[in-house]
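Let us read a few features of a model together, one at a time.

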Amino acid sequence: MAEPRSRPASGDTEPSNAGLFERACAVLPGGVNSPVRAFGAVGGTPYFVASAHGAHVWDVEGNRYIDYVQSYGPTILGHAPPSVVEAVCAAAAAGTSFGAPTEAEVRLAEEMRARVPGLETLRLTSSGTEAAMSAVRLARGATGRNKIIKFAGCYHGHADSLLAAGGSGVANQGLSGCDGVTPGAVADTVVAPYNVVPKVDEDTAAVLVEPVAANMGLVAPQDGFLAGLRAACDGAGALLVFDEVITGFRLGRGGAAEFYGVRPDLWCFGKVIGGGLPVGAFGGSRELMAHLAPLGGVYQAGTLSGNPLATAAGLATLEALDAAAYERLEAVAARLASGLEEAFGAAGTAAVVPRVGSLLGLFFGAETPRDFAGAAASVARGLYAPFLGAMLRRGVALAPGPYEAIFVSLAHSDADIDATVAAAAEAAAELP
């Protein structure tokens, strides 16, 4: 296949990243529709993607990058996989939105239920933020309690009550909170350190956690942490909510719940289940989900929920994720992690590359963080920004924020990994 190339925006003028960013700043706050894309945490001008295929993206200037952003997780098959493109095109030809039920949303829900033990019914949304926000509302409605517990550095979307100490969503911007969020909105939110089981009392409706913290770099749960949360919630009659927007269907067929053998009361999903289109979902037992309208008194709705394009893309993606696919993903991630560690070691740069399944992180320093304080200490060294810049100059794209994870896909080849490791060795040698 020929490499995709960018096209002029108009006339004979070739677009540039700098020129597009200038235009964007005139019509979009900060020039972007999501803050980390502005490169504010790392400096420089963002590249504007013109096209993508497999493991690569091309910017409007024709530069090609080996891409480890991968839309922050959804494109687990790689960019524009034929099966997903064909499914979306077929769905679009039949209509893009109806405001009525479709078979596709039922099929996607059935596929998700078949993969995740304990997930009996679920509700589709249009984003992970909606899923987490709705799961919290459901937990409060089902328990009759108000308080929720979350963990510093875990990001659950930009709902007011969940932004406290919210990991990459706010940390990449150098913020500890968010203007416009009233004290009342977070009055019932308790923030605890990750990897420490907090006190869960009879006022607690839910404990909300990323089972693998992937919004403060990548921080794995310590032995006993998730099981301890399960026991604490059981003892207090609170609900345990796993935010699997990132880990869901990435770590394996059953996500983090299967990976660690700990079953929550509620799940939140996103990213992979949309195959690159906007989608989210939350679900749990039939009894618990019966509190949702129209069956119960907890209201939640969405005009585009269960969108036929998103459900088609999600179903095509899940159908491609069999046991062999997960073995391949883990092998690619393991090869990349070990290669990066060798590259940093050869350059004399202290760095760790933690890995959980196909998820990777990158921390500068000799210690692997176990919580947000440790991740922040690594970021404070200030080495991520120059490393990112050096990698971009060598045609490798990492996320433009030090609190993000590294995402591999089934499209990343051994040659891509080898080229990435070689680039990292050169980039590390340039670091102060």
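Q: Which side chain does the side chain of N215 join in a polar contact?
A: A polar contact is a pair of N or O atoms within 3.5 Å; within protein, one must be able to donate a hydrogen and the other to accept it, and residues adjacent in sequence count only if both atoms are side-chain atoms. Here the side chain of N215 meets that of E210 at 2.9 Å. This is a predicted model: local features need pLDDT of at least 70, side-chain atom pairs count only at pLDDT 80 or more, and totals for chains, interfaces and linings use all residues. Residues are numbered from 1 along each chain as its sequence is written, and side-chain values use heavy atoms, without hydrogens and water.

Q: Is N215 buried or exposed?
A: Buried means under 20% relative accessible area, exposed over 50%, partly exposed in between (1.4 Å probe, protein chains only). N215 has 7%, so N215 is buried.

Q: At what angle do helix 10 and helix 13 pack?
A: Two packed helices are described by the angle between their axes and the distance between the axes. Helix 10 (residues 323–347) and helix 13 pack at about 25°, with axes 8 Å apart. Helix 10 is therefore roughly parallel to helix 13 (angles under 35 degrees count as roughly parallel, over 145 as roughly antiparallel, 65 to 115 as roughly perpendicular and the rest as oblique).

Q: How do the axes of helix 12 and helix 13 cross?
A: The axes of helix 12 (residues 384–393) and helix 13 (residues 414–430) cross at roughly 135° and come within 9 Å. Helix 12 and helix 13 are therefore oblique to each other.

Notes: Axes fitted to C-alpha atoms, helices over the stretch in contact; angles between N-to-C directions. Helix = DSSP H or I, 4+ residues; strand = E, 2+ residues; numbered from the N terminus.
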